[in-house]
Amino acid sequence: MNTAVRKPLAVAIMGPTASGKTAAALDIAAHIPSEIISVDSALVYRGMDIGTAKPTKEEQAQVPHHLIDILDPLDAYSVMQFRQDAIRLVAEIQTRGKLPLLVGGTMLYFKGLRDGLDDLPQADAATRAALDQDEAALGTPALHARLATIDPETAARLKPNDSQRIQRALEIYLLTGQPMSSLLARAPKVALPFDLLPIALEPSDRGVLHRRIAQRFDAMLRDGGLIDEVEMLRRRGDLHPGLPSIRCVGYRQTWEYLDGLYDVAELREKGIVATRQLAKRQITWLRSMPDRQIIDCLRPDAPQAVRQLIQTRLPDATS
């Protein structure tokens, strides 16, 4: 007889932008006592509602949500902070007898949660300032080329304009004298205190997802909503395009529009293209998770399909 004690269950609902993750989570919560933990690096910021497609106040009132509106846009939120918060919240939700639903599209957070974290050094203000100066003088592609000489493995998986991650990899090398890829390879895997069921909402037709993305971005621009939201952020006077919050898709393009770099039609085009590129990266991340359970997000009954899949696992979680 198998007497092994099963770990309690948590569910990850992952997918590219506009794949219907929120709708699926709300459907589950309507049938299974649940609480939602947001896995989204943009939803953590207060005052950034339209461009992040944040769940509405009405949606948030239907079921408890966590890790939404927890930071000012001036602040940063690391993978380590997310992992610590997520593990704590999962335990608290399970103590209340509910199912934790980890819902979002920030794949780096999911990876950090599943695979554990490394002993990489914390951010160093002086090193970051020096790298900011180099980037301003030379440009991001030049920093990417520099990274390629010291850490070709990391450079190969980063786009030449991925300023945030390029700077982080360079910072780690400057602080430790070792490539980030080498440090990550030596990092031990840490088991989670719960079983995680990974469910991926993925499109069977990329073109349909692209149309959804365009429709959603048009809705964000409608009546000047997104533009007004970014104007309000700019009026604070302490935010700038180098911050992680303002680098979020949609916000960076709108900020540049307000700087006069292009007109509304170009803002729409650039915002949609950037969102499509984000979706492509998210799908690439998902495909690196061979154990994920895939649901076609274009199915009209996708939320119900996700819920039914979870329900097949619940007896195992409580047996």
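The legends below describe close-up views of a predicted model. Local features need pLDDT of at least 70 and side-chain atom pairs count only at pLDDT 80 or more, while totals for chains, interfaces and linings use all residues. Residues are numbered from 1 along each chain as its sequence is written, and side-chain values use heavy atoms, with hydrogens and water left out.

**View 1. Lys 54 and Asp 69 form a salt bridge.** The closest N and O atoms of the pair are 2.4 Å apart. A salt bridge is a side-chain nitrogen of Lys or Arg within 4 Å of a carboxyl oxygen of Asp or Glu. Lys 54 is in the loop between strand 2 (34-38) and helix 2 (57-62), and Asp 69 is in the loop between strand 3 (65-66) and helix 3 (79-95), so the pair ties together parts 15 residues apart in sequence. Helices (H or I, at least four residues) and strands (E, at least two) are DSSP runs, numbered from the N terminus. Lys 54 is buried at 9% relative accessibility, whereas Asp 69 is partly exposed at 21%. Buried means under 20% relative accessible area, exposed over 50%, and partly exposed in between (1.4 Å probe, protein chains only). A network of salt bridges links Asp 49, Lys 54, Lys 57 and Asp 69.

**View 2. Asp 72 pairs with Arg 236 in a salt bridge.** Their closest N and O atoms are 2.8 Å apart. The pair links distant parts of the chain, 164 residues apart: Asp 72 is in the loop between strand 3 and helix 3, and Arg 236 is in the loop between helix 11 (225-235) and helix 12 (251-258). Asp 72 is partly exposed at 22% relative accessibility, and Arg 236 is partly exposed at 35%.

**View 3. Glu 92 and Arg 88 form a salt bridge within helix 3.** The closest N and O atoms lie 3.4 Å apart. Glu 92 has a relative accessible area of 31% and Arg 88 one of 40%. The structure holds 20 salt bridges.

**View 4. Lys 159, Arg 206, Lys 280, Arg 281 and Arg 287 form a positive surface patch.** Patch residues have over 30% relative accessible area and no salt bridge, with like charges joined within 9 Å. Helix 13 (residues 264-287) gives the most to the patch, with three residues. Lys 159 lies in the loop between helix 7 (152-157) and helix 8 (163-176) and is partly exposed at 45%.

Notes
Patch = residues over 30% accessible without salt bridge, like charges linked within 9 Å, V, L, I, M, F, W, Y side chains within 5 Å. Areas by Shrake-Rupley, 256 points an atom, 1.4 Å probe, with all protein chains shown as cover. Lys, Arg positive; Asp, Glu negative; His and termini not counted. Charge placed at Lys NZ, Arg CZ, Asp CG, Glu CD.
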